[in-house]
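User: I'm new to this structure and would like to understand the words used to describe it. Could you walk me through them?

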Amino acid sequence: MNGKFITFEGPEGSGKTSVIEGIKEFFNNNNIDYITTREPGGIKIAEAIRDIILDKENTEMDAHAEALLFAASRSQHFSELVVPALNEGKVVLCDRFIDSSLAYQGHARGLGIDEVYNINKFAIGNTLPDVTIFIDVPPSVGLNRVFSNTRKVDRLDLESLAFHELVYEGYQIIAKKYSDRFKIVDGTNSKEKVIEDTLEVIKSILK
């Protein structure tokens with residue numbers, strides 16, 4: 001695969017979407033061939049699975065089922081969209097990937113980071129991002145953003161602060177475990193500063 005696979009992670013309300021928009025503007029201005037996508041979702045089948053996962057009515061969803069649904073969505077999305085784009089030499093900007101499952105289901109749900117990694121290894125093989133940009137925002141700050149803006153609130157947003165703190169803790173563990181590809185950007189800075197810091201990371205990868 002000749003392209004570059006760049007993923008964005010962070011707690012709810014970390015501002016990933018705004019950062020990706022800023023990166024897109026830079027890429028457009030510099031004629032960089034890229035696609036943007038998201039997880040869960042990105043393509044028809046994966047979006048249908050996304051609707052099930054995030055539906056606020058599905059409060060009885062078992063943690064194992066949740067992890068498997070994310071992996072199923074990821075497998076289809078990866079094979080149908082990500083791999084072909086990388087083979088064409090494009091940069092893929094993806095809003096969430098495997099690390100979300102490791103933090104949310106592996107750590108916060110208590111299924112085990114390694115166990116959830118193995119489920120996803122079956123789904124996507126050994127391919128990991130070239131770089132993962134973690135937008136670092138404390139859970140309380142992120143949740144305040146979620147409930148004060150116009151974004152649609154989903155089932156995971158409605159989890160307790162304690163759950164989101166476990167997610168954040170999970171990300172800290174994963175960042176150390178995969179320190180070779182994890183780059184941490186302070187998401188409490190201004191949007192412009194966060195985009196600038198993220199671009200510095202991306203430029204170093206594209207050289």
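This is a predicted model: local features need pLDDT of at least 70, side-chain atom pairs count only at pLDDT 80 or more; totals for chains, interfaces and linings use all residues.

User: Why are α2 and α3 called roughly antiparallel?

Analyst: Their axes are 8 Å apart and the helices pack at an angle of about 165°. Angles over 145 degrees count as roughly antiparallel, and therefore α2 and α3 get that label.

User: Which residues make the contact of α2 with α3?

Analyst: From α2 come Ile45, Ala46, Ile49, Ile52 and Ile53, and from α3 come Leu69, Phe70, Ala72, Ser73, Gln76 and His77. By class, this contact of α2 with α3 has eight nonpolar, three polar and no charged residues.

User: What makes α3 and α5 roughly parallel?

Analyst: Look at α3 (residues 63-87) and α5 (residues 113-124): their axes come within 8 Å and cross at roughly 25°. Because angles under 35 degrees count as roughly parallel, α3 is roughly parallel to α5. The crossing of α3 and α5 is right-handed. On the α3 side, Leu68, Ala71, Arg74, Ser75 and Phe78 make the contact, and on the α5 side Ile119, Asn120, Ala123 and Ile124 do. This contact of α3 with α5 divides into six nonpolar, two polar and one charged residues.

User: Why is Asn120 called buried?

Analyst: Buried means under 20% relative accessible area, and Asn120 is at 0%, so the word applies. Asn120 is found in helix α5. Leaving aside neighbours within four places in sequence, Asn120 is in contact with Ala71, Arg74, Ile98, Ser101 and Gly125.

User: What makes Gly170 count as buried?

Analyst: The relative accessibility of Gly170 is 0%, and the cut-off for buried is under 20%, so Gly170 counts as buried. You will find Gly170 in helix α7. Apart from neighbours within four places in sequence, Gly170 is in contact with Ala103 and His107. The C-alpha atoms of Gly170 and Ser100 are separated by 9.2 Å, although these residues are 70 apart along the chain.

User: What is phi in Arg96 and in Asn31?

Analyst: Phi of Arg96 is near 80° and phi of Asn31 is near 55°. Each is a positive value in a residue other than glycine. As a rule, most residues other than glycine have a negative phi.

User: Where is there a cis peptide bond?

Analyst: It joins Glu39 and Pro40, with omega at about -15°. Pro40 is in the loop between β2 (34-38) and α2. In general, most peptide bonds are trans.

User: What makes up the largest nonpolar core?

Analyst: That core has 36 residues, of which Phe5, Val92, Leu102, Tyr104, Val167 and Ile174 touch the most other members. The elements giving two or more residues to this core are α2 (44-54), α3, β3 (91-95), α4 (98-108), α5 and α7 (161-177). With eight residues, α3 gives the most.

User: Which residues does Leu102 touch?

Analyst: Not counting residues up to four places away in sequence, Leu102 touches His107, Ile113, Val116, Tyr117, Ile174 and Tyr178. There is also a second, separate core of 20 residues, which includes Ile6, Val19, Ile23 and Val131.

How values were computed
Residues are numbered from 1 along each chain as its sequence is written. Side-chain values use heavy atoms; hydrogens and water are left out. Axes are lines fitted to C-alpha atoms, for helices over the stretch in contact, and angles run from 0 to 180 degrees between N-to-C directions. Helices (H or I, at least four residues) and strands (E, at least two) are DSSP runs, numbered from the N terminus. Angles under 35 degrees count as roughly parallel, over 145 as roughly antiparallel, 65 to 115 as roughly perpendicular and the rest as oblique. A crossing is left-handed if the near helix is turned anticlockwise from the far one by less than a right angle, and right-handed if clockwise. Contact means heavy atoms within 4.5 Å. Ala, Val, Leu, Ile, Met, Phe, Trp, Tyr, Cys and Pro count as nonpolar, Asp, Glu, Lys and Arg as charged, and the others, Gly among them, as polar. A nonpolar core is a set of buried Ala, Val, Leu, Ile, Met, Phe, Trp, Tyr and Cys residues joined through side-chain atoms within 4.5 Å. Buried means under 20% relative accessible area, exposed over 50%, partly exposed in between (1.4 Å probe, protein chains only).
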